[in-house]
Amino acid sequence: MAVILKGTSIRIGNGLNTDDNGVFHGPLEVGNNLTIGDDAILFRSKVSNDVTIDMGAIVVAVTLPDNAKVPDGAVITTQKQADALKA
């Protein structure tokens with residue numbers, strides 16, 4: 001498993017479950033129980049608790065609510081997109 005951390009302001013809660021080649025780029029704040037799939041990118045965002053980011057998804061500059069599920073290959077770059085995610 002390779003996890004790349006970039007930036008100086010990255011905080012990750014308990015229960016991180018990652019696959020290969022995930023990228024975390026700060027500033028970034030992650031709650032508890034994040035599952036992040038292969039080749040997913042998380043950048044300049046706030047992630048609440050019990051969130052799943054599936055394979056190849058890209059999340060930039062949004063706040064993901066509790067229990068959000070980002071589908072494979074999704075590109076989430078607006079808060080409206082983030083708010084529409086279903087658990």
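This is a predicted model: local features need pLDDT of at least 70, side-chain atom pairs count only at pLDDT 80 or more; totals for chains, interfaces and linings use all residues.
**Entry 1: the β2 sheet.** I started by looking up the strand order. I found 4 strands in an open sheet, running β2-β5-β8-β11 with parallel pairing. Next I checked which strands sit at the edges. They are β2, residues 10-12, and β11, residues 63-64, and each of them pairs on one side only.

**Entry 2: β2 against β5.** I wanted to know how many bridges join β2 to β5. I got 3, with β5 covering residues 28-30 and the two strands running parallel.

**Entry 3: the β9 sheet.** Here I noted another open sheet of 4 strands, ordered β3-β6-β9-β12, and the pairing is parallel. At its edges I have β3 (17-18) and β12 (69-70); each has a single partner strand, so one side of each lacks a neighbour in the sheet.

**Entry 4: β9 against β12.** I looked at strand β9, residues 52-53, and counted 2 bridges to β12, the strands again being parallel. I also noted that I53 stands opposite V70 of β12.

**Entry 5: D54.** Where does D54 lie? I placed D54 in the loop between β9 and β10, the latter being residues 58-60. Buried or exposed? D54 comes out at 17% relative accessible area, so I wrote it down as buried, the cut-off being under 20%. Then I listed what D54 touches, skipping its neighbours within four places in sequence: G37, A40, K69, V70, P71 and D72. I see V70 in that list, and V70 is also the residue in β12 that I53 stands opposite.

Technical notes. Residues are numbered from 1 along each chain as its sequence is written. Side-chain values use heavy atoms; hydrogens and water are left out. Two strands pair if DSSP finds at least two bridges between them. Buried means under 20% relative accessible area, exposed over 50%, partly exposed in between (1.4 Å probe, protein chains only). Contact means heavy atoms within 4.5 Å.
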